[in-house]
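The sequence and structure come first.

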Amino acid sequence: MIPVNEPALGERELAYVSECVRTGWVSSAGRFISEFEERWAASCGRRHGIAVSNGTAALQLAVACLGPVPGDEVILPTFTIISCALAVMYNGGVPVVVDSDPHTWCLDVDQVQKKITRRTRAIMPVHIYGHPVDMDPLMDLADRYGLAIIEDAAEAHGAEYHSSRNGSESEWRRCGSFGTLSCFSFYANKLITTGEGGMVLTDDPQLAERARSLRNLCFRPDRRFYHEELGHNFRLTNMQAALGLSQVERIERIVAQKRWMGQEYSQRLSDITFLELPVEQPWARSVYWMYGVVLSDEAPIDATMFGQRLRDHGVDTRPFFLGMHEQPVFHRRGLFLGERYPVAERIARRGLYLPSGLALTEDQLERVCDAVREALS
Ligand SMILES: Cc1ncc(COP(=O)(O)O)c(C=O)c1O
């Protein structure tokens with residue numbers, strides 16, 4: 001079976017983690033934490049990085065940093081992982097969702113404005129499967145309405161967006177460089193992995209200080225064990241940061257590998273009828289975190305059957321996200337009742353992603369393409 005993801009870890013990872021074990025710095029203090037935070041923040045063009053225990057915690061912390069009051073609304077795509085909605089709800093807020101762009105599968109920026117109300121506090125764009133959201137119009141909207149941006153770049157390490165805002169010089173900017181607060185995950189299937197892990201990035205020193213305090217139980221710096229706010233234990237360990245740092249040091253090679261994989265799949269699958277392949281907009285450099293495909297409406301099978309057939313051919317896959325507006329857990333809380341988002345509903349049923357890990361070889365990729373061809377023949 002060709003796995004849907006296999007990480008590629010090497011000697012440097014082993015050396016850095018061994019250093020933690022040898023020196024005894026295994027908990028959440030040690031040189032790797034600050035080096036990992038500084039290097040990853042710099043790589044995304046940001047001033048501050050706050051490493052946390054996972055990507056969901058990063059989103060929860062980012063929303064908490066805004067100091068939301070109960071009932072504050074955050075606009076996010078329905079087509080995403082539940083972490084985005086949970087991060088809002090655990091802070092007493094209300095997730096408000098929009099549909100996806102049918103080509104990039106990211107939130108449809110044109111649908112955001114009509115969801116803005118007096119309660120809206122922030123917009124949470126999610127760069128789906130490694131392709132950037134169209135950030136310029138979204139940033140304009142956020143500026144116009146005084147809204148924060150919580151950027152979810154959990155799937156988009158090293159992806160770039162060509163920004164030409166406000167007549168300023170146009171430039172390629174990394175995902176993670178746009179948000180008031182931007183979030184990453186370092187789960188094992190991400191471009192950089194710490195096993196479990198996450199990070200919040202920001203340029204604002206006060207938000208960074210608040211995030212550090214909330215991450216670590218809100219100990220008061222001048223008086224330990226005295227607390228004025230409810231904090232969390234969202235700390236990352238030095239061992240995890242050691243793993244992360246070793247990969248940040250070769251992020252350009254990791255991105256190149258993923259872009260090779262994406263382009264290779266696109267080339268080899270382009271002549272297959274019944275398949276819609278991922279796009280790369282002219283203003284985007286995708287990192288193809290996961291190579292997703294969507295069955296066209298003419299295809300005689302749905303994604304579940306397609307996945308089963310691929311499995312029979314020795315290829316592991318994963319289904320696409322099911323939209324937040326289709327989740328029973330939210331219906332039970334009175335959210336999204338009767339709401340319909342046709343693009344998200346369609347791709348949820350007709351989409352899946354193929355093996356896309358960093359350890360995927362050319363030979364495996366070729367076998368996956370052969371299996372796709374046979375499964376649809
Ligand atoms: C878009 C997105 N946001 C957030 C997360 C949450 O990250 P974690 O699994 O590290 O909690 C993920 C995880 O895969 C994700 O894909």
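Predicted model: local features only at pLDDT ≥ 70, side-chain atom pairs only at ≥ 80, totals over all residues.

Tyr288 sits in the loop between β11 (284-285) and β12 (291-295). Its phi is near 45 degrees, which is a positive value in a residue other than glycine. Most residues other than glycine have a negative phi.

The loop between β11 and β12 also holds Met290. With 3% relative accessibility, Met290 counts as buried. Apart from its neighbours within four places in sequence, Met290 is in contact with Val4, Asn5, Tyr129, Asn189, Tyr353 and Ser356. Between Met290 and Val133 the C-alpha to C-alpha separation is 16 Å, while the two are 157 residues apart in sequence.

## Aromatic residues

How many aromatic pairs does the structure hold? There are 19 of them. One is formed by Tyr129 and Phe320, with 4.9 Å centre to centre and 55 degrees between the planes, and this pair is tilted. Tyr129 belongs to the loop between β4 (120-123) and α5 (135-145), and Phe320 to the loop between β13 (318-319) and α10 (328-331), so the pair ties together parts that are 191 residues apart in sequence. Are the two partners buried or exposed? Tyr129 is buried at 4% relative accessibility, and Phe320 is buried at 5%.

Tyr129 and Phe320 are also members of one aromatic cluster, together with Phe79, Trp105, Trp289, Phe321 and Tyr353. Of these members, Tyr129 and Tyr353 are in contact with Met290. Trp105 lies in the loop between β3 (94-98) and β4 and is buried, with a relative accessible area of 5%. The phi of Trp105 is near 70 degrees, again positive in a residue other than glycine.

## Thr78

Thr78 is located in the loop between β2 (73-77) and α4 (82-89). Its relative accessibility is 0%, so Thr78 counts as buried.

Which residues are in contact with Thr78, leaving aside its neighbours within four places in sequence? They are Val97, Val98, Asp99, Gly323, Met324, His325, Tyr341 and Ala344.

The axes of α3 (residues 55-65) and α4 come within 8 Å of each other and cross at roughly 35 degrees. This crossing is right-handed. On the α3 side the contact is made by Thr56, Leu59, Gln60 and Val63, and on the α4 side by Ser83, Cys84, Ala87 and Val88. Five of the contact residues are nonpolar, three are polar and none is charged. An α-helix has 3.6 residues a turn, so residues three or four places apart point the same way.

## Helix α3 against α6

Helix α3 also packs with helix α6 (residues 205-215), at an angle of about 125 degrees and with the axes 9 Å apart. That angle makes α3 oblique to α6. The crossing of the two is right-handed.

From α3, the residues in this contact are Leu61, Ala64 and Cys65; from α6, they are Leu207, Arg210, Ala211, Leu214 and Arg215. By class, the contact has six nonpolar, no polar and two charged residues.

## Helix α9 against α12

Helix α9 (residues 303-312) and helix α12 (residues 362-375) have their axes 9 Å apart and pack at an angle of about 125 degrees. The two helices are therefore oblique to each other. Their crossing is right-handed.

Phe306, Arg309 and Leu310 of α9 meet Ala371, Val372 and Ala375 of α12. The contact residues comprise five nonpolar, no polar and one charged.

How values were computed:
Residues numbered from 1 in each chain as written. Heavy atoms only, no water. Axes fitted to C-alpha atoms, helices over the stretch in contact; angles between N-to-C directions. Helix = DSSP H or I, 4+ residues; strand = E, 2+ residues; numbered from the N terminus. Parallel < 35°, antiparallel > 145°, perpendicular 65-115°, else oblique. Left-handed = near helix turned anticlockwise from the far one by under 90°. Contact = heavy atoms within 4.5 Å. Nonpolar A, V, L, I, M, F, W, Y, C, P; charged D, E, K, R; others polar. Phe/Tyr/Trp six-rings, centres within 6.5 Å; stacked < 30°, edge-to-face > 60°. Buried < 20%, exposed > 50% of the residue type's maximum accessible area, 1.4 Å probe, protein only.
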